[in-house]
Amino acid sequence: MRTIKFRAWHKERKQMVPWGVLHDFLRGKSFVVVERPKDILQPDVYYTRYDSNFNIFESKDFEIMQFTGLKDKNGKEIYEGDYLDHYGLEYEVIFDHGSWIAKCLTTGPNPDGTESKSPDEYLFDSYKVMEIIGNKYEK
């Protein structure tokens, strides 16, 4: 069974929040990321206690990224939004049409001396030879 976990980019703090921190945020309390109900919270509040079990965070404060269930050639977990190197070309991990895709971001040389963009790849086909080189928030 595949492990379901997430990480989040905190937009204001410009910081990646890993799964353990998300899961254990505020002394082990669970949390939910929601669109803020406009009539109950002040606009400048970062989070608030909703009750004894949950904390509410604004979804606009975070970009949530899901773990793909795969690891790169160095054993590092691959998440949505990660940048991967594949034989000198750069790819971004996206979820599209029900699959994890490595979307090519750079061009490479052709045998005739011209350059062109490589096709996108199914991540499952090539993740074992790819290496994480960053992500779309931290490069």
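Predicted model: local features only at pLDDT ≥ 70, side-chain atom pairs only at ≥ 80, totals over all residues.

Author: A term is needed before the description begins: a residue counts as buried when its relative accessible area is under 20%, as exposed when that value is over 50%, and as partly exposed in between.

The cut-offs can be applied at once to an aromatic pair. Tyrosine 127 has a relative accessibility of 13% and therefore counts as buried. The rings of phenylalanine 124 and tyrosine 127 form a tilted pair, with 5.8 Å from centre to centre and 40° between the planes.

The sheet itself is open and consists of five strands, in the order β13-β10-β9-β8-β14, with antiparallel pairing. Its edges are formed by β13, residues 121–122, and β14, residues 131–135, each of which pairs on one side only.

Strand β8 covers residues 82–86 and runs antiparallel to β14, to which four bridges join it. Two positions illustrate this pairing: aspartate 85 has glutamate 131 of β14 as its bridge partner, and leucine 84 stands opposite isoleucine 132, also in β14. Strand β9, residues 89–96, is likewise antiparallel to β8 and is joined to it by four bridges. Here the bridge partner of leucine 84 is tyrosine 91. Strands β8 and β9 form a hairpin with two residues between them, and in this hairpin tyrosine 87 takes a positive phi near 55°. Four of the five residues of β8 are buried, so this strand is largely enclosed by the rest of the structure. As a general point, side chains in a regular strand alternate between the two faces of the sheet.

At 5% relative accessibility, asparagine 135 counts as buried. Its side chain has a polar atom 2.7 Å from the backbone nitrogen of tyrosine 137, and the side chain of asparagine 135 also reaches the backbone nitrogen of glutamate 138 at 2.7 Å. Leaving aside neighbours within four places in sequence, asparagine 135 is in contact with Arg7, Met16, Gly81, Asp82 and Tyr83.

The structure holds four aromatic pairs, and one of them is formed by tryptophan 9 and tyrosine 137, which are stacked at 5.4 Å centre to centre with 15° between the planes. This pair links distant parts of the chain: tryptophan 9 belongs to strand β1, residues 6–10, whereas tyrosine 137 lies in the segment after β14, and the two are 128 residues apart. Tryptophan 9 has a relative accessible area of 8% and is therefore buried, while tyrosine 137, at 25% relative accessibility, counts as partly exposed.

Note on methods
Residues numbered from 1 in each chain as written. Heavy atoms only, no water. Pairing = 2+ DSSP bridges. Buried < 20%, exposed > 50% of the residue type's maximum accessible area, 1.4 Å probe, protein only. Phe/Tyr/Trp six-rings, centres within 6.5 Å; stacked < 30°, edge-to-face > 60°. Polar contact = N/O pair within 3.5 Å; in protein donor to acceptor, adjacent residues only side chain to side chain. Contact = heavy atoms within 4.5 Å.
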